[in-house]
Amino acid sequence: MTTDSPLRARLRAALLQARRDRDAETVSTLRTALAALENAEAVPASATAGAIEDAPVGVGASEAQRRVLSDADELAVLDAEIASLLEAVRAYASSVPERAAGADRAADTLRALREG
């Protein structure tokens with residue numbers, strides 16, 4: 001179950017608006033950011049490993065509780081996404097300037113939503 005933090009609410013509202021505006025680039029940026037937040041909540045693989053004979057039995061018995069991210073954790077995930085985009089800007093700057101510009105726009109979008 002996902003949390004309904006102010007950051008996620010801003011990202012979802014912006015995603016809805018981008019979809020209405022048919023802005024594919026922004027939609028992709030926001031979906032990627034939301035997916036990064038969802039992935040950060042995933043249970044580490046080591047937490048679910050174990051011997052089969054020790055496995056719980058019954059419907060839902062093996063479900064693991066997802067991690068709950070604090071506001072600071074969510075901002076750290078978003079900051080990592082922004083850093084990744086800025087690294088792409090640097091990598092593409094000399095060889096594929098249009099991709100560098102797209103990554104820069106995506107970073108700007110996330111920075112604006114980060115602050116609210």
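A nonpolar core is a set of buried Ala, Val, Leu, Ile, Met, Phe, Trp, Tyr and Cys residues joined through side-chain atoms within 4.5 Å. Buried here means under 20% relative accessible area, exposed means over 50%, and partly exposed lies in between (1.4 Å probe, protein chains only). With those terms in hand, let's walk through this protein.

The model is predicted, so local features need pLDDT of at least 70 and side-chain atom pairs count only at pLDDT 80 or more, while totals for chains, interfaces and linings use all residues. Residues are numbered from 1 along each chain as its sequence is written, and side-chain values use heavy atoms, with hydrogens and water left out.

**Overall build**

The protein has five helices and zero strands, giving the pattern α-α-α-α-α along the sequence. Helices (H or I, at least four residues) and strands (E, at least two) are DSSP runs, numbered from the N terminus. Of the 116 residues, 26% count as buried. The protein exposes about 7600 Å², and carbon and sulfur atoms supply 54% of that area; accessible areas come from the Shrake-Rupley method with a 1.4 Å probe, and for residues only the protein chains shown count as cover. A contact means heavy atoms within 4.5 Å. Among contacts between residues at least 6 apart in sequence, 65% join residues at least 24 apart.

In soluble globular proteins, nonpolar side chains tend to be buried together. Here the largest nonpolar core has 18 residues, and those with the most contacts inside it are Leu11, Leu30, Leu78 and Leu110. The elements that give two or more residues to this core are α1 (6-20), α2 (24-40), α4 (71-92) and α5 (97-115). The most comes from α2, with six residues. Leaving aside residues up to four places away in sequence, Leu78 touches Leu7, Ala33, Leu110 and Arg114.

**Helix α1**

With 15 residues, α1 reaches 21 Å from its first C-alpha to its last, close to the 21 Å expected at 1.5 Å a residue; the expected span is 1.5 Å times one less than the number of residues. Its buried residues are Leu7, Arg8, Leu11, Ala14, Leu15 and Ala18. Seen down the axis of α1, they fall within an arc of 130 degrees, so they line one face of the helix. That arc is taken from the directions from the helix axis to the C-beta atoms. On the other side of α1, Pro6 and Arg20 are exposed. The cover over the buried residues of α1 includes α2, α4 and α5. Just after α1, Arg22 takes a positive phi of about 55 degrees.

**Salt bridges**

A salt bridge is a side-chain nitrogen of Lys or Arg within 4 Å of a carboxyl oxygen of Asp or Glu.

| Pair | N to O distance |
|---|---|
| Arg8 and Glu38 | 3.2 Å |
| Arg8 and Glu74 | 2.8 Å |
| Arg66 and Glu41 | 4.0 Å |

The pair Arg66 and Glu41 links the loop between α3 (45-48) and α4 to the loop between α2 and α3, 25 residues apart. Arg66 is partly exposed, with a relative accessible area of 30%, whereas Glu41 is buried at 0%. Salt bridges that share partners join Arg8, Glu38, Glu41, Arg66 and Glu74 into one network.
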